[in-house]
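Q: Could you show me how to read a pocket, a metal site and a strand in a model of this kind?

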Amino acid sequence: MPDYNQRIVAPSLLAADWTQLGAECARALDAGADWLHLDVMDGHFVDNISYGPSFIKHVRRAAPNAFLDAHLMIERPDHYLERFVDAGVDNITVHVEPDYDVAGTLARTREAGVSAGLAINPATPLDDAGPYLGDIDLLLVMTVVPGFGGQSFMEEETMPKVTAARALREERGLGFHIEVDGGVDPETAPVAAAAGANVLVAGTSAFKAPDMAAAVAQLRDA
Ligand code: DX5
Ligand code: ZN
């Protein structure tokens with residue numbers, strides 16, 4: 001079983017300079033990034049459109065050995081799943097909120113040899129993820145309303161869920177990473193880590209930092 005206390009820093013390419021995609025992937029990895037986080041938005045589940053499988057194929061070519069953590073903010077992850085698997089990602093996180101077969105999609109993800117994540121929005125209770133906690137490799141507790149980078153970390157709404165998820169994991173002897181995403185920076189990272197999150201997604205605070213290596217190190221040591 002992985003060490004769920006091991007800190008993993010995952011810069012989000014949403015905040016990168018896409019005219020320099022390959023160089024930006026290398027910059028993040030050279031700065032000490034453990035994973036690259038890929039925010040996929042469909043303009044339906046969230047009020048923004050980002051990129052899809054063909055963009056991710058370019059990321060995979062640019063960073064052949066990186067762990068690619070795909071976060072699907074889309075209405076029909078079940079319909080698009082295979083295309084993201086084929087694009088070469090290592091983890092696929094789907095949201096619990098849309099109306100589709102969540103359990104079946106998580107199972108198909110694992111059958112494809114890909115790690116399976118489940119995400120909950122700030123307004124979604126942890127209970128909604130409860131039935132699936134035995135069948136996931138990662139729980140993503142969104143710390144902003146998804147759709148855009150650069151928003152503020154929603155501590156009161158989300159940290160109790162991180163604390164409760166960690167406690168449930170212990171009680172039930174389960175195994176999943178706890179990831180936070182949105183507004184994570186050197187000030188909020190220690191709050192998330194203290195609550196029990198071990199995977200820290202950082203868009204703005206990583207890619208827009210004057211010194212990305214220093215920013216990643218600060219998040220890791222938070
Ligand atoms: C929110 C995305 C996040 C976001 C993080 O819609 O899922 O990954 O881009 O960006 P920052 O770190 O700038 O809040
Ligand atoms: Zn994300």
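The dialogue below takes up these features in turn.

A: This is a predicted model, in which local features need pLDDT of at least 70 and side-chain atom pairs count only at pLDDT 80 or more, while totals for chains, interfaces and linings use all residues. Residues are numbered from 1 along each chain as its sequence is written, chains are lettered from A and ligands numbered from 1 in the order in which they are written, and side-chain values use heavy atoms, without hydrogens and water.

Q: Which residues lie nearest the centre of the largest pocket?

A: Rolling a probe the size of a water molecule over the atoms shows where empty space is left. Here the largest pocket is lined by 28 residues (those with an atom within 4 Å of a pocket point), and Gly149, Gly150, Gly182, Gly183 and Thr204 lie nearest its centre.

Q: Which residues coordinate the zinc ion (ligand 2)?

A: Donors are N, O and S atoms within 2.8 Å of the metal (3.2 Å for Na, K and Ca). His37 (NE2), Asp39 (OD), His71 (ND1) and Asp181 (OD) coordinate the zinc ion (ligand 2) at 1.9 to 2.3 Å, and their spacing along the chain is H-x1-D-x31-H-x109-D. Both His37 and Asp39 are buried, that is, under 20% relative accessible area with a 1.4 Å probe and protein chains only.

Q: Are the faces of strand β1 covered or open?

A: In a regular strand the side chains alternate between the two faces of the sheet. In β1 (residues 8-11) both faces are covered, with Ile8 and Ala10 buried on one side and Val9 and Pro11 buried on the other. β1 pairs with β8 in the parallel sense over four bridges (pairing requires at least two DSSP bridges), and Pro11 stands opposite Ala202 in β8.

How values were computed: 1 Å grid on protein atoms, 1.4 Å probe; cavity = no way out; pocket = protein on both sides within 12 Å on 5 of 7 lines; lining within 4 Å. Buried < 20%, exposed > 50% of the residue type's maximum accessible area, 1.4 Å probe, protein only. Helix = DSSP H or I, 4+ residues; strand = E, 2+ residues; numbered from the N terminus.
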